[in-house]
Amino acid sequence: MRIAVTGGAGYIGSHTCVELLGADHEVLILDNFANSERDMVAEIAAIAGKPLDTAEVDLDDRAALGRTLEQFAPEAVVHFAGLKAVGEAMEKPLDYYRVNVTGSLNLLDEMTRIGCERLVFSSSATVYGMPEHVPIPETHPLAPTNPYGQTKLMVERIIEDLGRARPAFSGVSLRYFNPVGAHPSGRIGEAPRGVPNNLMPFVADVAAGVRPQLTVYGDDWDTPDGTGVRDYIHVMDLATAHLAAIDLTGEGPGVRAFNVGSGRGYSVMEMIRAFESGSGREVPYTVSGRRPGDVAITLADPSLAERRLNWRATRDLATMCEDVWRWRSGRGG
């Protein structure tokens, strides 16, 4: 198949492109490189041992987007492109609505115009908001508590409405929990700009000596060791979920949403100890008070994806940490 991948040079997009190429798909990356590096494209091709096309396109530029899609004529689109930092979204909500929602509308408009009826959308577990119970199934109430989560839910709703209006349309929204890890080659991985927003890249920076210590926000949660528990999923497992979702869009029309998580929770302290073991480096930390809005446990119920996508996460925390350290140590400071 010909598959266009928006944001394909980013963290999750790059790993998914490797898997798409490995499955013999023809891939076009559309990326404005605002939050990704151009050299990732060459690394993707090197890992896969296959070429891929790239177009430097911003989804805000509908004319350029339309020309690019028309020329490539994709049979399916995987849509990663967007802004993704919760804290930044609180400070710059209009940017998030413009980029994430308007950009998605432009993409869907142009897909409709050229007759491309298959979409896999990069959504987020933030659409659930504060969990009322764990593990979280897809039937959990959808009540995001920040602009980033709101944009993801808005796009999900738009995709659902498009599916109702277009009988041939087939879409899948994948609600990510906490993607971590890197490609086992060490050639691609997560490379956040500035201070990392997520735990794993921050821990890696501390282990590498780039940052002096990690702050653990609360050690008095109702969890086995008092620190917050999250559902971490290896990015390679997440990449294979996208392949399974693409296959599902070929089975017939309709719009569906799936959790993509491991269903296994790891605490902050478990993460620290596992990373120390995987890297052979100490990870100094200090304990601070809880942050507003944090919860004790966030955990996916991935059983629907296991049944309908025939997919499940297989890589454990040790593998996640080892792969991140291989990637992080290869980059130097």
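The second largest pocket holds about 220 Å³ of space. A pocket here is an open set of points on a 1 Å grid over the protein atoms alone, with protein on both sides within 12 Å along at least five of seven lines, and lining residues have an atom within 4 Å of a point. A volume is the space filled by probe spheres set on the points, which are joined across faces, edges and corners. The pocket is lined by 20 residues, of which Glu190, Pro192, Asp205, Arg328 and Arg331 are the closest to its centre. Two or more lining residues come from each of α7 (199-207) and α11 (317-331); helices are DSSP runs of H or I with at least four residues, and strands are E runs of at least two, numbered from the N terminus.

The model is predicted: local features need pLDDT of at least 70, side-chain atom pairs count only at pLDDT 80 or more, and totals for chains, interfaces and linings use all residues. Residues are numbered from 1 along each chain as its sequence is written, and side-chain values use heavy atoms, with hydrogens and water left out.

The structure holds 22 salt bridges, each a side-chain nitrogen of Lys or Arg within 4 Å of a carboxyl oxygen of Asp or Glu. One of them joins the side chains of Arg328 and Asp205 at 2.9 Å, N to O. This pair links distant parts of the chain, with Arg328 in helix α11 and Asp205 in helix α7, 123 residues apart. Both Arg328 and Asp205 are buried (under 20% relative accessible area with a 1.4 Å probe, protein chains only; exposed is over 50%, and partly exposed in between). Within helix α6, Glu160 and Arg157 lie three residues apart, about one turn of the helix, and their side chains meet in a salt bridge of 3.5 Å, N to O. Glu160 is partly exposed at 22% relative accessible area, as is Arg157 at 38%. A network of salt bridges links Arg62, Glu70, Asp109, Glu110 and Arg113.

Arg256, in strand β10 (residues 254-260), is buried but has no salt bridge; Glu251, the nearest side chain of opposite charge, is 6.2 Å away. Lys and Arg count as positive and Asp and Glu as negative, while His and the chain ends are not counted. A polar atom of the Arg256 side chain lies 3.0 Å from the backbone oxygen of Gly254, and the backbone oxygen of Pro253 lies 3.3 Å from a polar atom of that side chain.

Definitions and conventions
On a 1 Å grid over the protein atoms alone, a cavity is a set of points where a 1.4 Å probe fits but cannot get out, and a pocket is an open set with protein on both sides within 12 Å along at least five of seven lines; lining residues have an atom within 4 Å of a point. A polar contact is a pair of N or O atoms within 3.5 Å; within protein, one must be able to donate a hydrogen and the other to accept it, and residues adjacent in sequence count only if both atoms are side-chain atoms.
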